[in-house]
Amino acid sequence: MTTLEAVALWGVVGLPATAGAVLVVARPGDRVAVRFALAAATTAVMLSVLVAVARPAVAVPFVAGADFVLAVDGLAALVLPTVMVVTLLVLVAAVGEALTPAARFHGLMLLFAASAALTVTAGTLPTLLFAWELMGAASYALIGFRWQDGARVSAGLTAFVTTRTADLGLYVAAGAALAGGAGLALSDLAASSPGWRHVMAAGVLVAALGKAAQLPFSFWLSSAMVGPSPVSALLHSAAMVAMGGYLLLRTQPLLAATDWAGPAAMWVGGLTALLLGAVALAQRDLKQLLAASTCAQLGFVVLAAGAGAVAGGATHLVAHAAVKALLFLAAGAWLAALGTKQLPGLAGVARRWLLVGSSASIGLLALAGIAPLSLWATKDAVLAPVREQSPVLYAVGLAAAALSAAYAGKALVVLWRRVPVDEQAAVDAYRDEEERGTGRIPLAGRMPLVVLAVAAACAGLLALPPVGAVVARAVGQPGGYLPVPVRELGASALIALVVLFLVWRWRAPEPGWARGWLDLRHAARMLVARPAMAAGQAAARFDDRVVDRGVERAAAATTALATRAGRVDDRRIDRVVELVAAGLRRLGHLARRPQTGQLHQYYLQAVVVLVVGVVVLVVLG
């Protein structure tokens, strides 16, 4: 490793972090801030490519027993450039929305990207915890970017508290790693002592499920949709939500070292993909639909981590990043132009802005699993290993894939629907419903969509031969590379086509039971928030009535005792001291009397002493 490679590795994290902090603190003008942020993001992209090729590692002392380690292995080399490229494209698209103050927005976005890059390259648990905390704080600030609206701040707080609750698992894992004796390096966790290994696996699993918005934590992602659309694009594609899935891929050896963590991850991922797919199908708000689909698609990544399909999970993560960044940026462009993101209000919008509509359509077709677009192959790269371990979960995965075709097809049909003249007024009624639309989509908002559409179409090559074998070797795929059987690829493509045809031919169903995100927020409020509040109030009452009152009574007793002691001091001790002092003063006066300074008196005193001495000798003698 050369010095240049080490500097590049520090730079890919430190540059966006420093630039973001400067923008947030210095608050330059909007034009200067935008140019500064784009320059920093562009440089970070180049640095990420350099370190992905060179794969350096650096370390400095951090805490006792663990260094602050950044390292780029095969998995990080695949994900790190994805994070930086998506960040740059999202920042370019954000220029079109003209979010103000630009310095604060772009600064926070760079900090968010830096924390994601640090998560990708973290080599030890303390480094990961540092990145984890920075990412949570940045997401809170970005979701509540328009802080004047209390509802947006509340949504940011919901996301922050929910993910922080799950993050406690990572602290428990760090404690168990210390106790287990194998060290705090992520690569060493699987070698810990058997008992502590189970605790670590549980802690990592809970923390990752919280960040990835998997069951039962999914509801926080619905609230996060009130944030600016570029925030949603980065949050869902290459930052916090994706990092939850990435952590499980990174720690897959730890999951495999236990006999329960892998199957647990598989079931949670599979059920999330299925149930949140139904939630996505039920939504009429485009951003809510995409948010639920993010949970569902990350479910495939979690499923892959549990099944040991690291290569499939990693390629699905990368392909999904391109697809979801594309779709959220398109939704944001229409929201800025028309003032709505409600599907009934977006009817036929793809015909009005053909470039945006065509790009978004490629993303939706990829999301549906249509061959040969990206998520078609990556999804099967996840499901093929699952079939070997659990036919039931494989069936769940196929059902979830069919649902993804249904909700993507639902959005696709609406966007391209030709609106009859007599229905145009009903569609126009949604205009400016959520914010005042500009009626246009600037060039800066369109160009990133084209790049992302190309990535969404082609990223599936990462899972197909011969590139798939290279990726599998790079990420250390357990068992080596096993290409997906052609019949499975064909079957999944056929399922997606059939579902898409059914949705186009007939209206997609909207299950009412899933519209409210499975009432997970209500369940969390009833099962966690209210008991926690009740326990807090009981503790407060105990504090007020027992602890505080005991302290107050102890203080009162101490004061009374001190008052009484003061009186004794004043009346007894001080009196004795004064009497002793008076006696000593009197003796002093008596002692000074013979000291007259006159010689004859000293002679007289000597004679008296002599006479007294003679008398004493005579009497005693």
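Start your tour of this predicted model by selecting Phe68, a buried residue with a relative accessible area of 11%. The cut-off for buried is under 20%, so Phe68 falls inside that class.

Now bring up the aromatic rings as a group. Seven aromatic pairs are counted here. One of them joins Trp10 and Phe68: the rings are stacked, with 6.4 Å centre to centre and 10° between the planes. Colour by secondary structure and you will see that this pair links distant parts of the chain. Trp10 belongs to helix H1 (residues 3-26), while Phe68 lies in strand S2 (residues 66-71), and the two are 58 residues apart.

Next, go to Phe105 and Phe145. Their aromatic pair is edge-to-face, at 5.4 Å centre to centre and with 75° between the planes. Here too, distant parts of the chain are linked: Phe105 sits in helix H4 (residues 102-121), and Phe145 is found in the loop between helix H5 (125-143) and helix H6 (150-180), 40 residues away. Phe105 and Phe145 are both buried.

For the last stop, select Arg505 and Trp506. Which part of Arg505 sits over the ring of Trp506? Show the side chains and you will find the charged end of Arg505 there, 5.3 Å from the ring centre of Trp506.

How values were computed:
Residues numbered from 1 in each chain as written. Predicted model: local features only at pLDDT ≥ 70, side-chain atom pairs only at ≥ 80, totals over all residues. Heavy atoms only, no water. Phe/Tyr/Trp six-rings, centres within 6.5 Å; stacked < 30°, edge-to-face > 60°. Helix = DSSP H or I, 4+ residues; strand = E, 2+ residues; numbered from the N terminus. Buried < 20%, exposed > 50% of the residue type's maximum accessible area, 1.4 Å probe, protein only. Lys NZ or Arg CZ within 6 Å of the ring centre and 35° of its normal.
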